Each structure stands twice: as structure tokens, then as C-alpha cells.
Amino acid sequence: MKIHRINPNKRWSDVTVFNGIATFTEVADTDTSADIKGQVKQIFDQAEASLALVDSDKSRILAVTIYITDFANFDGLNEIWDSWFPENCAPSRACVKAELVDSNLLVEMTFTAAAGEKFQS
């Protein structure tokens, strides 16, 4: 089966798809001075754009791994999370406390999603 790499470069691809399953990682990249809610909103906006690249949407997200720098921000993250997903579409998730490369980043998320038909092979 073909591996689809969307916008690949030397260090990463924006999205990688194999056997109909897409994976991609997002961080806040428009305003790293934003609080946790602002950074999560940025990540979700970017995730919607990445999902569109593989003919998918947020209702088709299977799993998310969340890397958060401070659990004091957990409630703010969950507030945006709960309002973003459609009813009964929340994916499996793990939340890990981590030190991120850029100290301005409060959160990073890795998504796994079902891609559209043209990415099934």
C-alpha cells in the first residue's frame, strides 16, 4: 500500500497517511504568546486544515495525544476541547506532561484520523 506524505520536507510531512489512517502534529504557530485556550484554538484551526488535506474532518478523529507543559492549564484545555468536538465524537486521548522545545508553547497535539476514500490505498 502507498504511503501518502502531504507537504513533505527534510524533517517532517504535514500529514502522513497509510492504509486510510492519517497522522499529524500541531502546535500553536500564529501566536505563541496566547494563553492555553488561545493555543488550543490555534491547534484546532490548524487540525481542521490538515484534516481537509486528506478529505476528512474532526468527526473522523480516532485518537489524540496531548503534550501539555503544565497541568494547571488542563481545565482551560478541556473547556476548548469539549466545545470543539461534535456531540458523541470525542476520540480516544492521552494527556502527557512534557517539556516542549519552544518554551512559549503550552501544548502540542498529535492526531490520528480516518482519511477520505482516495487515501484508502
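Predicted model: local features only at pLDDT ≥ 70, side-chain atom pairs only at ≥ 80, totals over all residues.
At one of them, β1 pairs with β2 in the antiparallel sense, over four bridges. Within that pairing, H4 stands opposite V17 in β2. Strand β1 covers residues 3-6 and has two faces. H4 and I6 form the covered face, while I3 and R5 form the uncovered one.

β4 and β5 run parallel, joined over six bridges. Here V64 stands opposite R93 in β5.

Take α1 by itself. The helix has 18 residues. From its first C-alpha to its last it reaches 26 Å, close to the 26 Å expected at 1.5 Å a residue. Which residues of α1 are buried? They are I36, G38, Q39, V40, Q42, I43, F44, Q46, A47, S50 and L51. These buried residues pack against β2, β3, β4, α2 and β6. After the helix comes D55, with a positive phi near 55°.

In soluble globular proteins, nonpolar side chains tend to be buried together. In this model, the largest nonpolar core holds 28 residues. F44, M109 and F111 touch the most other members. Several elements supply at least two residues each: β2 (15-18), β3 (21-27), α1 (36-53), β4 (61-68), α2 (74-84) and β6 (107-114). The largest share is six residues, and it comes from α1.

What does M109 contact, leaving aside its neighbours within four places in sequence? The list is F24, T25, E26, V40, I43, F44, V64, T65, I66 and L77. Two of these, V40 and F44, are among the buried residues of α1.

Turn now to charge. Side chains of opposite charge can pair when their charged atoms come close. The model has three salt bridges.

One of them joins K37 and E79, at 3.0 Å from N to O. K37 sits in helix α1 and E79 in helix α2, so the pair links parts of the chain 42 residues apart. K37 counts as partly exposed, at 30% relative accessibility. E79 is partly exposed too, with a relative accessible area of 44%.

Another joins E48 and K58, at 4.0 Å from N to O. E48 lies in helix α1, and K58 in the loop between α1 and β4, so the pair ties together parts ten residues apart in sequence. E48 is partly exposed at 38% relative accessibility. K58 is also partly exposed, with a relative accessible area of 22%.

The remaining pair is D55 and K118, at 3.7 Å from N to O. D55 is in the loop between α1 and β4, and K118 is in the segment after β6. The two are 63 residues apart. Are D55 and K118 exposed or only partly exposed? D55 counts as partly exposed, at 43% relative accessibility. K118 counts as exposed, at 58%, because exposed means over 50%.

End at a loop. D31 is placed between β3 and α1. D31 is partly exposed, with a relative accessible area of 34%. Leaving aside its neighbours within four places in sequence, D31 is in contact with Q39 and Q42. Both Q39 and Q42 are among the buried residues of α1. D31 and N104 are 73 residues apart along the chain, and their C-alpha atoms are separated by 9.4 Å.

Definitions and conventions
Residues numbered from 1 in each chain as written. Heavy atoms only, no water. Core = buried A, V, L, I, M, F, W, Y, C linked by side-chain atoms within 4.5 Å. Buried < 20%, exposed > 50% of the residue type's maximum accessible area, 1.4 Å probe, protein only. Contact = heavy atoms within 4.5 Å. Pairing = 2+ DSSP bridges. Expected span 1.5 Å × (residues − 1). Salt bridge = Lys/Arg side-chain N within 4 Å of Asp/Glu carboxyl O.
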